[in-house]
Amino acid sequence: DNLSLKEALLQIKNNQDVYPILSTKIYTIANIKGGVGKTILSVNTAHSFAIFQKKVLLIDLDPQANSTDYLEARNEKNINTLIEYYFKHKSFSKEVVKEAITTKKYENATIDIIPAEIMFARNLEYARVTIDNPHKILKKLLNTIKQDYEFIIIDTPPSPGLAQQMALYTTDKIIVPTLPDEFSIDGLLDLIKETNYIKEEFDKENLEISAIFINKVKPTNIAKANIEIIKEIADQVQIKKIYEIPESSRVIEAVNLKLPLLEYKPELDVNLKASENILQFTFNEIIKSCTVQDKEQKWKKNYSKKI
């Protein structure tokens with residue numbers, strides 16, 4: 001009762017065998033509209049999974065490299081050098097991919113990241129016209145290292161180009177950051193259309209939008225009205241998880257310091273709804289991943305007594 005949510009979750013994070021992940025889960029953070037908090041959500045979702053001692057990889061597919069810069073993970077080897085390697089060899093090796101991974105260690109978590117850079121945009125255009133089935137490139141890349149991670153987070157550019165197609169083709173679930181304004185709602189609608197296109201074009205019937213995070217919520221009538229519109233849209237396409245993140249200067253402070261929210265000092269408390277909701281989302285996804293997938297009841301046999 002006297003603990004903040006952060007402190008309580010950090011106390012249970014070491015009970016890793018209570019929630020073993022049985023297969024790698026891939027999440028894509030996407031919206032057709034820019035400026036909706038995609039980078040903040042990408043980095044902090046990855047960090048939140050890592051808080052629970054999960055092996056996490058963040059892939060920056062946005063040539064603007066905002067997630068890369070947030071984590072201060074610039075590297076000569078990155079997603080662009082990997083795609084250039086693919087141009088020459090038409091395949092990936094685990095050794096080559098691992099060379100492009102940068103590890104960031106914090107007080108409470110460790111994140112691996114494949115960084116991005118601006119030249120990636122030019123090579124994406126080249127890949128579109130020279131490579132057969134270019135939307136499969138990312139999946140081939142991840143097949144070399146997927147077994148090393150429990151959760152993989154993909155940050156995408158705010159446009160329906162090849163980078164976003166690669167991510168949506170590869171991913172298990174989509175997380176949508178948005179704002180309670182008209183333009184962001186249009187971006188959400190466009191992303192739903194793009195998701196439906198990927199499902200039909202590439203036979204991914206199980207692809208779904210798992211959650212919507214409404215960022216920078218202010219206590220205004222306009223914001224309330226737009227949130228109701230977002231909830232109506234979500235209900236129509238059966239998106240059940242919607243999180244409202246109040247506008248907070250502390251989020252901006254953490255970003256300026258290049259720190260994930262739960263690494264920011266002074267320590268965050270339960271009043272910072274951004275970290276609380278992201279933690280709740282990731283914890284629920286961990287529990288779901290370790291219970292739903294095991295058809296042979298192995299999880300119950302091995303871990304029910306410990307719980």
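**Surface charge, a buried threonine and salt bridges**

E205 is placed in the loop between α9 (182-201) and β7 (208-217); helices (H or I, at least four residues) and strands (E, at least two) are DSSP runs, numbered from the N terminus. The model is predicted, and local features need pLDDT of at least 70, side-chain atom pairs count only at pLDDT 80 or more, and totals for chains, interfaces and linings use all residues. Residues are numbered from 1 along each chain as its sequence is written, and side-chain values use heavy atoms, with hydrogens and water left out.

With a relative accessible area of 54%, E205 is exposed (buried means under 20%, exposed over 50%, partly exposed in between; 1.4 Å probe, protein chains only). By contrast, T45, in helix α2 (residues 38-51), is buried, at 0% relative accessible area. Beyond its neighbours within four places in sequence, T45 is in contact (heavy atoms within 4.5 Å) with I153, I175, I278 and T282.

The whole structure holds 11 salt bridges, each defined as a side-chain nitrogen of Lys or Arg within 4 Å of a carboxyl oxygen of Asp or Glu. In one of them, R74 pairs with D69, with the closest N and O atoms 2.7 Å apart; D69 is partly exposed, at 26% relative accessibility.

A salt bridge also joins the side chains of K231 and E244 (3.3 Å, N to O). K231 belongs to helix α10 and E244 to strand β8, so this pair ties together parts 13 residues apart in sequence.
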